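Let's take a walk through a protein model together, one piece at a time.

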Amino acid sequence: MKRNLCMLALAGLMTLALAACGGEEPAPQAQAGQEAVGAIFVPGGADLPEGKVYAQFADREYTFALDAAWVYYFDTVEGTEPVAYAGDGNLTQLTFGADIDGGGVGALGAGVFRPGEENDVAAYYLRRDEAGVYFDPAQPFDTATLTEEHTFLGTDYPCQVTFTPGQPAASCTLSCLDEGRTVIAEETLDPAAVEDFQTFTLAGDTASVVLTAYDGAGGELGTQEVTPENPSAVVCCDAGGQMLASKVLRFAWPEE
């Protein structure tokens, strides 16, 4: 089984905030004839109800209270103003606007899946109606058994999302290095306690930071080096299911 590094480079991760953040509001109204607006990937062991499964909408964001990973993007009009909604859940990498179907808006992404007794994953399109964004558990567009790396390809919503087997990081160590690669500071973090997009401010003599991830038994999962040219990383942690949660860690160097 391929072993995944649960600390991945942030190569084009874009959780877009195209709509301004705010308090909880009514979801935007769907327009007639709306096509698929996203995709969701759900392990086969999830207890899904019959009929449509709707996303929760708060702070201008759609989320699902499921063991799942998802991505969505759609345009709408609020009043007279055009607005775009875009986001994801539990993906480690994401690029919107990828040329997947000859120029249409697409999503190119990646996620990490923890193998277990049941490794079947079903992929569904996300759609919109007057009640919100939803998927229909009776209509998967693809299914796969994830015991190795697998890529789902969507057509109604053009997307390409690759899942890799891996284990969550129970802890990670940040080792700050100077120009001579001597450790000048070190800190151990609990990924579950780190906020998504949390920023770590570094001392001026820090040349780079080496992040080392460990599993629950203390085994090393992998390392990543962060530099001023590549100042972000993603750590995968336990979300209570087979789809691992991901959190972005940002690093800030003092301005000269």
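**A walk through the strands**

Let's begin with the overall build: the secondary structure of this protein consists of 21 strands and zero helices. The pLDDT averages 85 over the protein, and 82% of the residues reach at least 70. Confidence is highest in strand E15 (residues 171–177), with a mean of 97, and lowest in strand E1 (residues 7–9), with a mean of 38. Over residues 1–24 the pLDDT is below 50, although this stretch still has 79 contacts in the model beyond near neighbours in sequence. Where pLDDT is low, the predicted coordinates should not be read in detail.

Next, consider the protein as a whole. Of its 256 residues, 46% are buried. The accessible surface is about 12400 Å², and carbon and sulfur atoms account for 46% of that.

Now find strand E6 (residues 69–78), which is mostly covered, with seven of its ten residues buried. Strands of a sheet pair through backbone hydrogen bonds, either parallel or antiparallel. E6 pairs with strand E2 (residues 38–43) in the antiparallel sense, over four bridges. One place to look is Trp70 in E6, the bridge partner of Ile40. E6 also runs antiparallel to strand E7 (residues 81–89), and nine bridges join the two.

Two other residues deserve a look for their backbone angles. Most residues other than glycine have a negative phi, and most peptide bonds are trans. Asn90, in the loop between E7 and E8, has a positive phi near 60 degrees without being a glycine. Arg60 is not a glycine either, and its phi is positive at about 65 degrees. You will find Arg60 in the loop between strand E4 (56–58) and strand E5 (61–63). Is Arg60 buried or exposed? Its relative accessibility is 15%, so Arg60 counts as buried.

Let's move on to the sheets. Ser171, for example, has Tyr214 in E18 as its bridge partner.

While you are at E15, look for Cys172, which belongs to this strand. Why does Cys172 count as buried? Its relative accessibility is 1%, and buried means under 20%, so Cys172 falls in that class. Cys172 and Thr212 are 40 residues apart along the chain, yet their C-alpha atoms are separated by 5.4 Å.

Another open sheet has four strands in the order E8-E9-E14-E13, and its pairing is mixed. Its edge strands, E8 and E13 (150–154), each pair on one side only. From one strand to the next, the twist averages 15 degrees. E13 and E14 pair in the antiparallel sense over five bridges, and Phe152 has Val161 in E14 as its bridge partner.

Finally, look inside. The largest nonpolar core has 24 residues, and Phe41, Phe96, Phe152, Tyr157 and Phe163 are those with the most contacts inside it. Elements that give two or more residues to this core include E2, E6, E7 and strand E8 (93–96), along with strand E14 (159–165). Leaving aside neighbours within four places in sequence, Tyr157 is in contact with residues including Ala36, Val71, Phe96 and Tyr125. There is also a second, separate core of 19 residues, and Phe57, Ala68, Tyr85 and Val133 are among them.

Notes: Residues are numbered from 1 along each chain as its sequence is written. This is a predicted model: local features need pLDDT of at least 70, side-chain atom pairs count only at pLDDT 80 or more; totals for chains, interfaces and linings use all residues. Side-chain values use heavy atoms; hydrogens and water are left out. pLDDT is the predictor's confidence in each residue, from 0 to 100. Contact means heavy atoms within 4.5 Å. Buried means under 20% relative accessible area, exposed over 50%, partly exposed in between (1.4 Å probe, protein chains only). Accessible areas come from the Shrake-Rupley method with a 1.4 Å probe; for residues, only the protein chains shown count as cover. Two strands pair if DSSP finds at least two bridges between them. A nonpolar core is a set of buried Ala, Val, Leu, Ile, Met, Phe, Trp, Tyr and Cys residues joined through side-chain atoms within 4.5 Å. Axes are lines fitted to C-alpha atoms, for helices over the stretch in contact, and angles run from 0 to 180 degrees between N-to-C directions.
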